[in-house]
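The following exercises are to be worked with the structure in view. Each task is followed by a solution in steps.

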Amino acid sequence: MVRLFAYLFDLIVAFFLARLVNRALRQFFGGPQSRFGGPGKRARAERAPEREAVRGEMARDPVCGMFVSTELSHRLNQGGQTLHFCSQECLERYQRSEAQRSGTTG
Ligand SMILES: [Zn+2]
């Protein structure tokens, strides 16, 4: 049984040694600019906070085609159906286009 532990320990030591050697080799040959690094490392830190706020069902804004959460949307009841808009602007635009379609001559 002790042999097994010794073997495992050996593996771990070898692993760390390999890492050290690998790093030393990379520094020796590649210098500070490695092939994998690239210039854009800071972009990873940025998050997307807007996505987390979306809850509930998603509905499609008929004006701009965007999907909006039914909890956050601007709603309009029409013929027993609820329409969802991403913004007040889209809602008003929809109302205007509806008024044009059914109201005045044309
Ligand atoms: Zn919209």
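**Exercise 1. State which residues coordinate the zinc ion, and determine the geometry of the site.**

Step 1. Donors are N, O and S atoms within 2.8 Å of the metal (3.2 Å for Na, K and Ca); water is not among the atoms, so sites may look incomplete. In this predicted model, the zinc ion has as donors Asp61 (OD), Cys64 (SG), Cys86 (SG) and Cys90 (SG), at 2.0 to 2.3 Å.

Step 2. Along the chain, these donors follow the spacing D-x2-C-x21-C-x3-C. Residues are numbered from 1 along each chain as its sequence is written.

Step 3. Four donors count as tetrahedral if all angles lie between 85 and 135 degrees. The four donor atoms subtend angles of 99 to 120° around the zinc ion, and the arrangement is therefore tetrahedral.

Note on the model: local features need pLDDT of at least 70, side-chain atom pairs count only at pLDDT 80 or more, totals for chains, interfaces and linings use all residues, and side-chain values use heavy atoms, with hydrogens and water left out.

**Exercise 2. Classify Asp61, Cys64 and Cys86 as buried, partly exposed or exposed.**

Step 1. Buried means under 20% relative accessible area, exposed over 50%, and partly exposed in between (1.4 Å probe, protein chains only).

Step 2. Asp61 has a relative accessible area of 0%, so Asp61 is buried.

Step 3. Cys64, at 43%, is partly exposed, and Cys86, at 27%, is also partly exposed.

**Exercise 3. Determine how many disulfides the structure holds.**

Step 1. A disulfide is a covalent bond between the sulfur atoms of two cysteines. The criterion applied is a pair of cysteine sulfur atoms within 2.5 Å.

Step 2. By this criterion the count is zero disulfides.

**Exercise 4. Describe the order of the secondary structure elements, and then the sides of helix 3.**

Step 1. Helices (H or I, at least four residues) and strands (E, at least two) are DSSP runs, numbered from the N terminus. The chain has three helices and four strands, in the order α-α-β-β-β-β-α.

Step 2. Helix 3 covers residues 88-102, 15 residues in total. Its span from first to last C-alpha is 21 Å, close to the 21 Å expected at 1.5 Å a residue, where the expected span is 1.5 Å times one less than the number of residues.

Step 3. The buried residues of helix 3 are Cys90, Leu91, Tyr94 and Glu98. They cover an arc of only 100° around the axis, so they lie on the same side of helix 3; the arc is that of the directions from the helix axis to the C-beta atoms.

Step 4. The face turned away from the buried side of helix 3 carries the exposed residues Glu89, Arg96 and Gln100.

**Exercise 5. Characterise the aromatic pairs Phe15 with Phe16 and Phe28 with Phe29.**

Step 1. Rings of Phe, Tyr and Trp (its six-membered ring) pair if their centres lie within 6.5 Å; planes under 30 degrees apart count as stacked, over 60 as edge-to-face and the rest as tilted. The structure holds three aromatic pairs.

Step 2. The ring centres of Phe15 and Phe16 are 5.7 Å apart and the planes stand at 75°, so this pair is edge-to-face.

Step 3. For Phe28 and Phe29, the centres are 5.2 Å apart and the planes are at 85°, so this pair is edge-to-face.

Notes. Tetrahedral: all angles 85-135°; square planar, octahedral: opposite > 155°, others 65-115°.
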